[in-house]
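Here are some notes to read alongside the model. Have the sequence and the 3D view open, and look up each residue as you go.

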Amino acid sequence: MRLLAGLGNPGSNYAMNRHNVGFMVVDEIYRRFNFASFRVKFDGDLSEGAIDGHKALLLKPMTFMNDSGKSVGAAARFFKIPPSRIVVFHDELDLEPGKIRAKTGGGVAGHNGLKSIAQHFSKDFRRVRIGIGHPGERDLVTRYVLQDFARADMVWVDKIIEAIAEASPHLVADMDSAFASKVALKLQPPGQKTQRR
């Protein structure tokens with residue numbers, strides 16, 4: 001069993017916030033792979049299904065971002081899922097908009113959702129960091145992440161969410177490098193592969 005968790009804040013007023021891109025990814029995987037309807041469990045919205053033959057759970061913690069670890073930790077312990085089979089999708093200020101990085105463990109870089117998971121469960125889970133860019137000043141960060149994506153941003157947001165969902169079979173097969181490569185390939189501008197220097 002794999003656990004794929006997206007981080008965000010519950011409620012329609014947060015739905016399109018930059019901080020909620022993790023929820024958006026989980027919703028796209030849910031649609032693409034025809035998971036069972038979400039049900040309320042472990043302080044979150046939980047859905048069960050399969051991705052390319054691998055049993056998987058989708059989880060959106062409904063605890064608000066700062067307490068995400070309560071939900072993720074409870075689900076992981078109940079189903080006895082080790083950190084190595086947990087993938088968390090989250091926004092990343094330190095990556096350019098539209099860039100992604102897959103990594104295992106490490107620091108939380110000030111992200112309260114990741115900090116909560118590390119406190120309540122483990123820091124050794126796998127992460128897919130989704131770049132949203134930085135507002136430039138630390139004092140602007142809270143306001144920035146809780147703002148909706150601009151309409152112009154939705155062009156790249158939709159593309160990256162679709163690319164992540166399409167490549168997610170590599171994640172459940174524990175092939176993070178192949179996942180990152182497929183996402184990068186999907187996001188390449190047309191003709192880029194043939195360019196020479």
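Are Glu-92 and Arg-129 buried or exposed? Keep that in mind for point 2.

1. First, some ground rules. This is a predicted model, where local features need pLDDT of at least 70 and side-chain atom pairs count only at pLDDT 80 or more, while totals for chains, interfaces and linings use all residues. Residues are numbered from 1 along each chain as its sequence is written, and side-chain values use heavy atoms, leaving out hydrogens and water.

2. Back to the question: Glu-92 is buried, and Arg-129 is buried too (buried is under 20% relative accessible area, exposed is over 50%, and partly exposed is in between, with a 1.4 Å probe and protein chains only). These two form a salt bridge, with their closest N and O atoms 3.0 Å apart. A salt bridge here means a side-chain nitrogen of Lys or Arg within 4 Å of a carboxyl oxygen of Asp or Glu. Glu-92 belongs to strand S5 (residues 86–92) and Arg-129 to strand S7 (residues 126–131), so the pair links distant parts of the chain, 37 residues apart. Helices (H or I, at least four residues) and strands (E, at least two) are DSSP runs, numbered from the N terminus.

3. Next, find Arg-126 and Asp-174, whose side chains meet in a salt bridge at 3.1 Å, N to O. Arg-126 sits in strand S7, while Asp-174 is in the loop between helix H5 (154–172) and helix H6 (176–187), 48 residues away. Arg-126 is buried at 5% relative accessible area, whereas Asp-174 is partly exposed at 38%. Both also belong to a salt-bridge network with Arg-2 and Asp-176.

4. Now the helices. Lys-186 and Glu-162 form a salt bridge at 3.7 Å, N to O. Because Lys-186 lies in helix H6 and Glu-162 in helix H5, the pair ties together parts that are 24 residues apart in sequence. Lys-186 is partly exposed, at 39% relative accessibility, and Glu-162 is partly exposed as well, at 36%. How many salt bridges does the rule give? The count is 10.

5. Finally, have a look at strand S4 (residues 54–61), which is mostly covered, with 6 of its 8 residues buried. Strand S1 (residues 2–6) pairs with S4 in the parallel sense over 4 bridges (pairing takes at least two DSSP bridges between two strands). Arg-2, from the network in point 3, stands opposite Ala-56 in S4. Strand S3 (residues 44–51) pairs with S4 in the antiparallel sense, over 8 bridges. S3 and S4 make a hairpin with 2 residues between them, and Asp-52 in the turn has a positive phi of about 50°.
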